[in-house]
Amino acid sequence: MKKILFFLFSFNLFMATGQQEMALYGTAPIPNSRAVADRESIDSSDSPMRYSYYLVSRPTLTVWLPPAGKANGTAVIVCPGGGYLHLAMTHEGTDVARMLNELGVTAFVLKYRLPNDETMTDKTIGPLQDAQRAIQLVRERAGEWGVNPARIGILGFSAGGHLASTAGTHFNKPYIDNPHKTSLRPDFMVLLYPVISFSDSIAHRGSRDNLIGLHPSAALIREYSNELQVTGETPPAFLVHAGDDRIVPVANSLHFYEALQSNGVPAELHIYPKGGHGYGLYNSTSKDQWPDRLRNWMDTNGWLSRQ
């Protein structure tokens, strides 16, 4: 019954919105992938209106187009969180795509591969490959979706924020085929209660363990501690965190913001006293909501003006 309800919900959503889900790599082989059975599963135990994906090994990208006449040419790739264990696809994915559409932004929800030694040759790079491929795909097919290829951002929650910030700090290291030398650099980053650091003191150990293993080398920890990878080329960033976050300490956003400032990268940081972790679009402890602040930031930087 649960699967039937989810199917009906998904079908009705598709018919109402006309969104398009596509295989991220098209008909080409998925890089860094083992030939194993697809064991992807969906958990909607809380509600058929809220679901997560597990064991993702076939990545997809779903296009969410703004209402007719409202598109401004900006695109954002959305990376749901879930500790690199699952993907919180509704409140950190599709709900966010709708919010972006209301701003005139074309949204692309990324169902990225979840790191797994059974499905990948090197699980540490699998999610980053998918984020780089999403940026490449949107940039190369920008005209098809009415997108300005110089206005492509990336947004992520929690571990999805780690993925987004990795894409924003590791773009000079291509992990996918890139025959056209397409820029893999996002033009801006939006990071919501993000996992940033894998250092022992502030890491979200679940995300770290799932991505780089239980006994990672010091070099691997440093490589994926993104506050240590910021340079002057890192794209501008908008960060949101709650001071009482007990899952991903607020120090993650603070350290990243400080690194951006030290390298002359424009950044805006909003810290709410309360809210905890995983609240998605709406922090119920505050009358001030981050999507309003995001709209102001994007508007100030020219990303909401018509191209």
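Mentor: Start with α5, which gives the most residues to the lining of the largest cavity: three. This is a predicted model: local features need pLDDT of at least 70, side-chain atom pairs count only at pLDDT 80 or more, and totals for chains, interfaces and linings use all residues. Residues are numbered from 1 along each chain as its sequence is written, and side-chain values use heavy atoms, leaving out hydrogens and water.

Now the terms. A cavity is a set of points, on a 1 Å grid over the protein atoms alone, where a 1.4 Å probe fits but cannot get out. A pocket is an open set with protein on both sides within 12 Å along at least five of seven lines. Lining residues have an atom within 4 Å of a point. Points are joined across faces, edges and corners, and a volume is the space filled by probe spheres set on them. Helices (H or I, at least four residues) and strands (E, at least two) are DSSP runs, numbered from the N terminus.

The count is one cavity of 30 Å³ or more. The largest cavity has a volume of about 30 Å³. Its lining includes Tyr 84, His 162, Leu 211 and Tyr 224. Two or more lining residues come from each of α3 (126-140) and α5 (159-169). By class, six are nonpolar, three polar and none charged. Here Ala, Val, Leu, Ile, Met, Phe, Trp, Tyr, Cys and Pro count as nonpolar, Asp, Glu, Lys and Arg as charged, and the others, Gly among them, as polar.

Compare an open site. The second largest pocket holds about 220 Å³. Arg 133, Glu 140 and Asp 177 are among its lining residues. That lining has seven nonpolar, two polar and three charged residues.

Next, the sheet. Eight strands form an open, mixed sheet in the order β1-β4-β7-β5-β8-β9-β10-β11. Strands pair if DSSP finds at least two bridges between them. β1 (20-23) and β11 (267-272) are the edges, each with a single partner strand, so one side of each has no neighbour in the sheet. β10 (residues 237-242) runs parallel to β11, joined by six bridges. One of the bridge pairs is Ala 237 with Ala 267.

Last, the aromatic pairs: there are ten. Rings of Phe, Tyr and Trp (its six-membered ring) pair if their centres lie within 6.5 Å; planes under 30 degrees apart count as stacked, over 60 as edge-to-face and the rest as tilted. The ring centres of Phe 157 and Trp 290 lie 6.1 Å apart with planes at 65°, so this pair is edge-to-face. It links β8 (residues 152-157) to α9 (residues 290-300), 133 residues apart in the chain.
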